[in-house]
Amino acid sequence: ISILAIESSCDETSASIIVNGKVLNNIVATQSVHEKYGGVVPELASRAHQENLVPVVQEAIFSSGIDKRDISAVAFTRGPGLMGSLLVGVSFAKAFAFGLGVPLIEINHMQAHVLAHFIEDPKPDFPFICLTVSGGHTQLVLVRDFLDMEVIGETRDDAVGEAFDKTAKLLGLPYPGGPVIDKFAKNGNPKAFKFPITRMPGLDYSFSGIKTAVLYFLRDELVKNPKFIDENIEDLCASIQYSLIKMLMIKLEKALEEYQIKSVAIAGGVSANSGLRSTLERMARKNGWKLFVPSFEYCTDNAGMIAMAAHYKYLQGEFSTMDVAPIAKMKL
Ligand code: ATP
Ligand code: FE
Ligand code: MG
């Protein structure tokens, strides 16, 4: 079974070839046009996908060494994501599958983030709980089997990556702010300033409060000392990061307890955060959890995970019809 997989849900154009369950490559073109706008501009994202997609697919096929005519199915991200971005990938996938006369496989992007854990060893055993943390999502997913998963908690407003990026913007840091906060936080005191830990009912999250808290806090401090941010950047970053990680951890611990599960996986771009990683490692040691962290390449948006998900759907015979359309707010 050889599958070509395409990911175009947000601002990464990516293609991957998987042969008999083994991901052979993962070609990613990251769009840099958005940096100067401090966030992804949907209209520009779809145009960049339009430009990048064919070269990225060509590279994936070429570097895999397979012949285009050996492809047995074409997989694509149906959602969730930006409608204009998704449309580029879906249209291309349809045309390519139609041309080759092979079936189409639609993939849910959030399911793929979870299945990214099965690309490389060690692979988690079922059931496990996956904490998916990215620029667009924050979810706790109970994973019973490859294609059997359920969202048991999620954010009611901003995603945690968004909270990183928006507070970084308030600090005058470049986009995306998550990695910059991470870097400064390493040398800061996480208890220097106290930012709110929002507690939602059940296993849900809320990350919009911290942005407002940081906004008012900075406004007040800057009146007293215009250099406040520069003089305290490391402590500010460490303290913001501390609150964000704390919120993630409270619900993760609660979920593991409620479902009596000891295997934890993390996915999404924010799982690169070094504070989050060290906190998870410490808690795993303390509580006897088994922790699974994929390579960074498979944490952020990538077609390798779409390919992995497509492999399992192919085995189940789950194909799409040619009239399939993207769904911007597709549920897991
Ligand atoms: P989605 O996957 O939800 O469609 P996305 O494309 O924004 O959205 P990713 O590409 O997985 O998601 O991740 C990007 C996010 O990860 C950004 O918000 C970025 O700031 C954050 N991020 C990346 N590295 C770090 C880090 N070291 N610390 C904190 N956040 C980080
Ligand atoms: Fe993603
Ligand atoms: Mg991204």
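Helices and strands are runs assigned by DSSP and numbered from the N terminus. With that convention, glycine 135 is found in the loop between β7 (128-133) and β8 (138-145). The model on screen is a predicted one.

**The whole protein**

The protein contains 9 helices and 11 strands. Its C-alpha atoms occupy a box of roughly 70 × 45 × 30 Å along the principal axes. The radius of gyration is 20 Å, which agrees with the value near 20 Å for a compact globule of 332 residues. Buried residues account for 46% of the 332 residues. Of the contacts between residues at least 6 apart in sequence, 76% join residues at least 24 apart.

**The annotated span**

Next, select residues 22-307, which an unreviewed UniProt entry lists as "domain: Gcp-like". The end C-alpha atoms of this span are 9 Å apart, and the span is 47% helix and 16% strand.

**Around ligand 1**

Now select ligand 1 and the 22 residues around it; Gly135, Gly136, Gly161, Gly178 and Gly269 come nearest. The shell consists of 6 nonpolar, 13 polar and 3 charged residues. For comparison, highlight the "binding site" residues from the unreviewed UniProt entry: Thr132, Val133, Ser134, Gly135, Gly136, Asp165, Gly178, Asp182 and Asn273.

Centre the view on glycine 135, in the loop between β7 and β8. Is glycine 135 buried or exposed? Glycine 135 has 24 other C-beta atoms within 10 Å and is therefore buried, the cut-off being 20 or more. Apart from neighbours within four places in sequence, glycine 135 is in contact with Ala159, Gly161, Glu162, Asp165 and Gly269.

From there, move to aspartate 165, which lies in helix α4. Aspartate 165 counts as buried because 24 C-beta neighbours lie inside 10 Å. Beyond its neighbours within four places in sequence, the contacts of aspartate 165 are Gly135, Tyr175, Pro176, Gly177 and Gly178.

**Helix α8**

Finish with residues 274-287, which form helix α8. This helix has 14 residues and extends 20 Å from its first C-alpha to its last, close to the 20 Å expected at 1.5 Å a residue. Then select glycine 288, which follows α8 and has a positive phi, near 70°.

Key
Residues numbered from 1 in each chain as written. Chains lettered and ligands numbered in written order. Predicted model: local features only at pLDDT ≥ 70, side-chain atom pairs only at ≥ 80, totals over all residues. UniProt positions renumbered as here; feature names shortened; annotations may be inferred. Helix = DSSP H or I, 4+ residues; strand = E, 2+ residues; numbered from the N terminus. Near = placed C-beta within 6 Å. Nonpolar A, V, L, I, M, F, W, Y, C, P; charged D, E, K, R; others polar. Rg over C-alpha atoms; globule rule 2.2 N^0.38 Å. Buried ≥ 20, exposed ≤ 12 C-beta atoms within 10 Å, placed from the backbone. Contact = placed C-beta atoms within 7 Å. Expected span 1.5 Å × (residues − 1).
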